[in-house]
Amino acid sequence: MDFLESEEIGLLRDTLRKYLAKEVPAAKAEQWDREDRIPAEELRKLGELGMCGLCIPEEYGGTGFNVMAMTAAVEEISRHSIGLGSYFFMCAGYGGLNIAESGSAAQKERLLPLLAAGEIAFSYGLSEPGIGADLGNVATRATRDGDRILINGAKRWTSAASMNQYIYSLVRTGPESDRRRNLSFILIPTDAPGVTVTDLAAMGHNGTPLADVTFDNVELCIDDVVGGEAGWNNGWNVLAGPALEAEKLAPASLALGTAEAAMAEAWEYSQNRVQGGKRICGHQTIRHALVEAKTQLQACRLMLQQAAWLVETRRPSAVATSMAKLFVAERCREVVLSCQQVMGAYGYANGFQMQRYVRDIIAVPIYGGSSTVQKNNIANLLRLPRE
Ligand SMILES: Cc1cc2nc3c(=O)[nH]c(=O)nc-3n(C[C@H](O)[C@H](O)[C@H](O)COP(=O)(O)OP(=O)(O)OC[C@H]3O[C@@H](n4cnc5c(N)ncnc54)[C@H](O)[C@@H]3O)c2cc1C
């Protein structure tokens, strides 16, 4: 067993650290947080660094199926901005990984080079006003007449729909009776006639704004179904495929990067703040809080790396990825809140980054399969009897 990260991933981290230190200073991340928007050129620059094609085959401009490297990239970027980390994954993961794994030949030809270059990104259209965790019951509907399809319905919490070029949407394409079989993923262009996007405000995780999206007689064709004809009524299998395993790792890496940044700020602050005649890092409660947080982060990092390795080597990974999503999101939330306490009122007020990390981390256990949903998944996958 070798616990060292590969030389390639070490190099990738090094490249990203140098780039982000220069190109994404705290002031820029604060601006994206305030404006709840990240300029498209930031994604293109990550494309130029070769980051967007980490899960795209070489013939389409990428470097293969590097799930561990992609997880490391999301973590590094999120140390600076969880918004940029999410935007990056909407290109490299939602886009590159999904199309490489499930797209038709024509979709790969057309979309993968653009995704590898960071020119386009996909939003995820899963949730609906009436549907959260219960995805098998999505109500947005597509009807088919030959090769022509017509889509009507509404999606909710569609992050960055007002920035991205496509919504990777789960829609019902047959009778509701067999709720998981009659579903398909359709790539709906955000500029198609009949698509309306309305941004929604939220407390944090800014930069990729949440949005309500409505589809009013949006007319597309069978080539827009992910996987083409073979993807019609095959949405549940597409959702449950290898891309889902990698996607559970994205929120975990976003959380890890955010919590590492919070830890770094509290660690440094504790050495500058003097109370009771000594630096607060000399008080045992603060020392223990920081060390406990660091220990939790080390456990998170190892769990995430092991789950990413299972996915990358195409071993069974559903339990490991669900456990990683559950554990890392929950522990990182605790770590950030504990680091905030270390900084007292300065961890709450504007001026330091900590208040942003707190607003950002709160969301992670909710999305990408909530903690409750992951617990249900793990119990079911491990066949724990209900009675
Ligand atoms: C920052 C952010 C970004 C998001 N981005 C996107 C996006 O890009 N695309 C997208 O489609 N969605 C997105 N979402 C939505 C997210 O995926 C949903 O919020 C999530 O699926 C939960 O759905 P819900 O909020 O409707 O909660 P509900 O499903 O209504 O659940 C409410 C509570 O009940 C619990 N619960 C639900 N079902 C069960 C059950 N069977 N057993 C036990 N407990 C249960 C849940 O864990 C939760 O605590 C985002 C959310 C946030 C906060």
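1. Basis of the note. This is a predicted model, in which local features need pLDDT of at least 70, side-chain atom pairs count only at pLDDT 80 or more, and totals for chains, interfaces and linings use all residues. Residues are numbered from 1 along each chain as its sequence is written.

2. Strand S3 and its partners. Helices (H or I, at least four residues) and strands (E, at least two) are DSSP runs, numbered from the N terminus, and two strands pair if DSSP finds at least two bridges between them. Strand S3 (residues 148-155) is joined antiparallel to strand S7 (residues 211-221) by seven bridges, while strand S2 (residues 141-145) pairs with S3, also in the antiparallel sense, over five bridges. Thr-143 has Leu-150 in S3 as its bridge partner, and in the hairpin of S2 and S3, where two residues lie between the strands, Gly-146 takes a positive phi near 65°.

3. The two faces of S3. In a regular strand the side chains alternate between the two faces of the sheet. The covered face of S3 presents Ile-149, Ile-151, Gly-153 and Lys-155, whereas Arg-148, Leu-150, Asn-152 and Ala-154 belong to the uncovered one.

4. Domains 1 and 3. The domain assignment (automatic or from a database) gives domain 1 (7-120), domain 2 (125-236) and domain 3 (241-381). The C-alpha centres of domain 1 and domain 3 lie 21 Å apart, and 22 residues of domain 1 are in contact (C-beta atoms, placed from the backbone, within 7 Å) with 23 residues of domain 3. On the side of domain 1 that touches domain 3, helix H2 (26-35), helix H4 (67-78) and helix H5 (82-102) each supply at least two residues, with the largest share, nine residues, coming from H5.

5. Helix H4 against helix H9. The axes of H4 and helix H9 (residues 284-312) come within 8 Å and cross at roughly 145°; axes here are lines fitted to C-alpha atoms, for helices over the stretch in contact, and angles run from 0 to 180 degrees between N-to-C directions. Val-67, Met-68 and Thr-71 in H4 meet a set of H9 residues that includes Leu-304, Ala-308 and Trp-309.

6. Helix H11. Six of the eight residues of helix H11 (residues 354-361) are buried, that is, 20 or more other C-beta atoms lie within 10 Å of their own, against 12 or fewer for exposed and a count in between for partly exposed. The buried residues, among them Arg-356, Tyr-357 and Asp-360, pack against H2, H5, helix H8 (242-272) and helix H10 (318-342).

7. Gln-341. Why does Gln-341 count as partly exposed? Gln-341, which lies in helix H10, counts as partly exposed because it has 14 C-beta neighbours inside 10 Å. Not counting residues up to four places away in sequence, Gln-341 touches Ala-289 and Gly-347.

8. The ligand is surrounded by 19 residues (C-beta atom, placed from the backbone, within 6 Å of the molecule), the closest being Leu-126, Gly-132, Trp-157, Ser-159 and Thr-372. Strand S1 (122-125) and helix H12 (371-381) are the elements that give two or more residues to this shell, which draws at least three residues from each of domain 2 and domain 3.

Methods. Contact = placed C-beta atoms within 7 Å.
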